[in-house]
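Q: I have just opened this structure and would appreciate a short tour. Could we start with a sheet?

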Amino acid sequence: MRINCGARHDVHTAPTNTLWYRDFGYTGGIPANASLPSYVSPHLDTLRYFPLSEGPENCYIINRVPKGHYSVRVFFGSVQLKSDDLEPLFDISVEGTLITSLKSGWSNVDDQVFAEAQVFLTDGSVSICFHSTGHGDPAILALEILQIDDKAYQFSQHSGQGIILRTVLRLSCGDGRPKFGADYGGDPWGGDRFWKPITTFGGGDKSISIEASIKQVSKPPNFYPAGLYERAIVSSDSKPDIEYTMDVDPNRNYSIWLHFAEIDESINGVGQRVFDIIINGDIAFEEVDIVKFSGDRNSALVLNTTVPVNGRSLTITLKPKNRDHAIICAIEIFEIIVAESKTLPDEVKALQTLKTTLGLPVRLGWNGDPCVPQQHPWSGADCQFDKSTSKWVIDGLGLDNQGLKGFLQNDISKLRHLQSINLSGNNIHGAIPSSLGAIPSLEVLDLSYNSFNGSIPETLGQLTSLQRLYLNSNSLSGRVPAALGGRLLHRASFNFTDNHGLCGIPGLRTCGPHLTAGAKIGLAFGVLGVFLLIVTCSVCCWKRRQNILRTQKMAAREAPYAKKRTNLSQNIQLSRHHNHHGQSRTAAENGPILLS
């Protein structure tokens, strides 16, 4: 995977049509136009830089990286048309291990415009971090994460996971121009290595080359390209020895890989060229015969050794036997770095949660790993190495007077190795988490001069190691837990003042009838229920009264009409009664009526 830092779109670069992915969602920082420090740098137009205002450490976090062995390379750049012309100097770490520190003048040396290391990645992601040293803003042109063979550059039985190889130097002897693996037509599993050219070591030596094919090349695990062995430097009669000296960091171990092929036409068989290899005055390889060791002419031979270096220089000498000439095709030098143990993942997540919920200022950074590299721990987090887990743990938080405005979550209890918490002088609000009582090693808890409210958790009384508890100048209320009050008798230092609602210990007001939180909630629900019942009854009574009044009014309006209808009905009934009796007499007297 290759990333063009600061780019919004994928791009391809000549001459190998290499694909560089856009830079999206990996980190913070500011994208800008790039100024390339060297023709060795990939020809890209953008970069990403990280001003100190965004924190002292910034990281690219790349996920979904398959488990394996990788060559990680970081190209540096300069911001185009930036007002200051300061060459940025900063440190770089991979997976929490410091791999390089940029030195003054890096932008003028071709093989110093990038840093490269081989590292095993095992947790599905890779973090590449840039640590400011106060000398300019880190500016990153591109990143490469290229998978290589798991056994590549295995210099001993103990090399592998837990070991990082930082590339110090790669020399291609007898070549006149710098090349990457792709320029040699090398196998991609070789990691597209960069080879710096050298045409002479001085003393009258000469460069030679052949066009014949080279045997024993491009094979696992290192996949060296054949072109690397088609050129070489051969010493002269005036100076038979070949000697190369370079500056290195002192008190380190270095893995040295020397490349040979007998391409000199004047050498036809075994015994015609024999030499010793001496490193810093000690014989590393004795009586080296390339034809004998490789099995034939034009056949690649690679020799590897590890040397400790106490001084500041490393000298490699090829000393021929019997006034023969020495020959060499390439040199590789790596610094052996023991990978740092990282911080416990649960504690890292807990700190990241704190960063969000407390509104941590951007200037503090808090990116990457809290404890490693050890040269660049997070500000405000104290670390301790836990031998039982071989991991780093957080044993102290010191974020006093940092302008924090959030709240504390229960996740803080995941920092179970804390001995000291100082969050005083901020504006943190909300309740004090009861989970603080689950941190058994806590000795100091200072939450003074904040805006905490609610009661003091009873669980704080479980902190048997607690020696100092400062909760003064908050908005706390309720009774101080009896377990904490009793601790005052054991010479512990507590301060609860300037909390107008607190009571129950000497120096605070006397508590009245005290209700637990559950009782208070029950009482509140009871009062609410009675209130709702009263309101409901009142509404029902009011509606019933309204219905009665409405009925009475209707009855009053209809009374006169009802009286008239009653009289009329009585008259009609009387009339019908009289008529009925008259008609009966007429019929009896007159007899039956004849119908026509």
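A: Four strands, in the order 30-32-34-36, make up an open sheet with parallel pairing. Strands are DSSP runs of E with at least two residues, helices are runs of H or I with at least four, and both are numbered from the N terminus. Two strands pair if DSSP finds at least two bridges between them. This is a predicted model, in which local features need pLDDT of at least 70 and side-chain atom pairs count only at pLDDT 80 or more, while totals for chains, interfaces and linings use all residues. Residues are numbered from 1 along each chain as its sequence is written, and side-chain values use heavy atoms, with hydrogens and water left out.

Q: Which strands stand at the edges of that sheet?

A: Strand 30 (429-430) and strand 36 (501-503) do; each has a single partner strand, so one side of each is left without a neighbour in the sheet.

Q: And how many bridges pair strand 32 with strand 34?

A: Strand 32 (residues 451-454) and strand 34 (residues 475-479) pair in the parallel sense over 2 bridges. G454 has L476 in strand 34 as its bridge partner.

Q: What about strand 9 and strand 10, parallel or antiparallel?

A: Strand 9 (residues 89-94) and strand 10 (residues 97-101) run antiparallel and are joined by 4 bridges. I92 stands opposite T100 in strand 10. The two strands form a hairpin with 2 residues between them, and E95 in the turn has a positive phi of about 55 degrees.

Q: What does E95 form a salt bridge with?

A: E95 forms one with K342, and their closest N and O atoms are 3.2 Å apart. A salt bridge here is a side-chain nitrogen of Lys or Arg within 4 Å of a carboxyl oxygen of Asp or Glu. E95 lies in the loop between strand 9 and strand 10, and K342 in the loop between strand 26 (330-338) and helix 2 (345-357), so the pair ties together parts that are 247 residues apart in sequence.

Q: Is E95 buried or exposed?

A: E95 counts as buried, at 12% relative accessibility, whereas K342 counts as partly exposed at 25%. Buried means under 20% relative accessible area, exposed over 50%, and partly exposed in between (1.4 Å probe, protein chains only).

Q: How many salt bridges does the structure hold?

A: The structure holds 22 salt bridges. One of them joins the side chains of E116 and R73, at 2.8 Å from N to O. E116 lies in strand 11 (residues 114-121) and R73 in strand 7 (residues 68-76), so this pair ties together parts that are 43 residues apart in sequence. Both E116 and R73 are buried. They also belong to a network of salt bridges that links R2, R73, E116, E144, R170, D192 and E332.

Q: Changing topic: where does G136 lie?

A: G136 lies in the loop between strand 12 (125-135) and strand 13 (139-148). G136 is buried, with a relative accessible area of 19%. Its C-alpha atom is separated by 7.9 Å from that of F90, which is 46 residues apart from G136 along the chain.

Q: Last one: which residues form the nonpolar patch on the surface?

A: The patch consists of I521, F525, L528, F531, L532, V535 and V539, with about 680 Å² of accessible area together (Shrake-Rupley method, 1.4 Å probe; for residues, only the protein chains shown count as cover). Patches are made of residues with over 30% relative accessible area and no salt bridge; like charges are joined within 9 Å, and nonpolar side chains (Val, Leu, Ile, Met, Phe, Trp, Tyr) within 5 Å. V539 is placed in helix 4 (residues 517-590) and counts as partly exposed at 39% relative accessibility.
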